[in-house]
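Please keep the sequence and the coordinates open alongside the text.

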Amino acid sequence: MKSIPRGSAGRIFSTASGSLLLLMVLINAAPNGAYSQTRRQSIIFAVSSESGDASMDAIAILDGKTLRAPYQDDERDHQRFGDQYLAAGTVYRLMFGGGEAGTVTVNKWGLGCETLHAQATLKTTARIGGKVWALATNSELLGKRPSSRRAPTASERAAVMTLMKSIYSQHRTPVDLIESIKVTNLTATDLNGDGKYEIIGSFALAAKNKFERDLFLIATPQATGMRAEFVKFQAYQPPPEGFLSSIDFIDQLDIDGDGVAEVFATGGGFDGYALLVFKKVNGQWRQIYDMAGDAC
Ligand SMILES: [Ca+2]
Ligand SMILES: [Ca+2]
């Protein structure tokens, strides 16, 4: 709700009585601090589903255009967050492919090993499940574009596979291993609202001694092929416990209103996973946020 503090409203009326235009100018010029105190904070969740049971994990509070941690790592703040955002029956807008695609309703919440999880019920026609995740928010301003997300067409897939193999080769992957690269996920979605679908892919290659070569790729159509916009290639020896560092797409949403969606993903870690956000800054994709996921 737009409101201005009582004190400044009084001053405005005393100095500009009768001048509606001036009043409106002054309201619009109210300092951001005063305005943000009355603004409801936007929250963004990751939404996943296994055999019909949906889960919600808080990714971040959107504070203006800045993402920050949804809660502190202590019992009191967990309770505050749960009471404030995860009360049973709370309904959130479900975001899929950058636009609205139904709702998700909280059933109950609890503490995992270190982070909060909520069980929820989905109401959507989007086929969310397994590797296909979505986002949810209480913001009425985000995700006003039409939802754009689908499996790649055969020609898109072929073009991305060609690009992906060339990236693995550039990173000195032996030729005899190229055919063993596995596609973890491939998603077509329009990140910049120009009607052309970008492709977001995750690939993995486990070689001898379990040496891993993972790729997270954002590609955009160019002529008849695909051009890499973002390449996150990781070559590493997993720790003895076997945890991988692979990055998997959650979904996209333009959170700062610059016309290009931010890309939300999960990232593997040594003892858990992280929730990551990538943003295109001056033509380059870079990670702008991470939230430690649950670690047991
Ligand atoms: Ca596009
Ligand atoms: Ca953006």
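The model is a predicted one, and its chain has five helices and 15 strands. Buried residues make up 32% of the 296 residues in the chain, while residues 24 or more positions apart account for 53% of the contacts with a separation of 6 or more.

**Positive phi angles**

- Most residues other than glycine have a negative phi.
- R172 is placed in the loop between helix 5 and strand 8, and because it has 8 C-beta neighbours inside 10 Å, where exposure requires 12 or fewer, R172 counts as exposed.
- A223, which is not a glycine either, has a positive phi of about 50°, and its place is in the loop between strand 10 and strand 11.
- With 7 C-beta neighbours inside 10 Å, A223 counts as exposed.
- S51 takes a positive phi near 40° in the hairpin of strand 1 and strand 2, a hairpin that has two residues between the strands.

- Helix 5 has 17 residues and reaches 24 Å from its first C-alpha to its last, which is close to the 24 Å expected at 1.5 Å a residue.
- An open sheet of four strands has the order 8-9-10-11, and its pairing is antiparallel.
- Strand 8 (182–189) and strand 11 (225–236) stand at the edges of this sheet with a single partner strand each, so one side of each is left without a neighbour in the sheet.
- Neighbouring strands of the sheet are turned by 15° against each other on average, if direction is ignored.
- Helix 5 (residues 154–170) packs on the sheet, where it touches strand 8, strand 9 (198–206), strand 10 and strand 11, and its direction makes about 45° with that of strand 11.
- Which residues of helix 5 are buried? They are A159, V160, L163, M164 and Y168, and the buried residues of this helix pack against strand 8, strand 9, strand 10 and strand 11.
- Within the sheet, strand 10 (residues 212–222) pairs with strand 11 in the antiparallel sense over eleven bridges, and the bridge partner of P221 in strand 11 is M226.

**Strand 1 and its partners**

- Seven of the nine residues of strand 1 (residues 42–50) are buried, so strand 1 is largely enclosed by the rest of the structure.
- Strand 1 and strand 2 run antiparallel and are joined by nine bridges, with I43 standing opposite I61 in strand 2.
- Strand 1 also pairs with strand 7 (residues 134–137), in the antiparallel sense and over four bridges, and in strand 7 the bridge partner of F45 is A136.

**The largest nonpolar core**

- In soluble globular proteins, nonpolar side chains tend to be buried together.
- The largest nonpolar core has 64 residues, of which F45, V47, L94, L135 and A136 touch the most other members.
- Strand 2 (residues 53–63) gives the most to this core, with six residues.
- Why does the core lie between domain 2 and domain 3? Domain 2 (42–137) and domain 3 (154–295) both give residues to the core, so it lies between them.
- Leaving out residues up to four places away in sequence, L135 touches I44, F45, A46, V47, M95, I250, D251, L253 and F264.

**F249 in strand 12**

- F249 is found in strand 12 (residues 247–253), and because it has 25 C-beta neighbours inside 10 Å, where burial requires 20 or more, F249 counts as buried.
- When neighbours within four places in sequence are left aside, F249 is in contact with N185, T187, I200, S202, V263 and A265.
- F249 and F264 are 15 residues apart in sequence, and their C-alpha atoms are 6.2 Å apart in space.

How values were computed:
Residues numbered from 1 in each chain as written. Chains lettered and ligands numbered in written order. Predicted model: local features only at pLDDT ≥ 70, side-chain atom pairs only at ≥ 80, totals over all residues. Contact = placed C-beta atoms within 7 Å. Pairing = 2+ DSSP bridges. Axes fitted to C-alpha atoms, helices over the stretch in contact; angles between N-to-C directions. Core = buried A, V, L, I, M, F, W, Y, C linked by C-beta atoms within 7 Å. Domains from an automatic or database assignment. Expected span 1.5 Å × (residues − 1).
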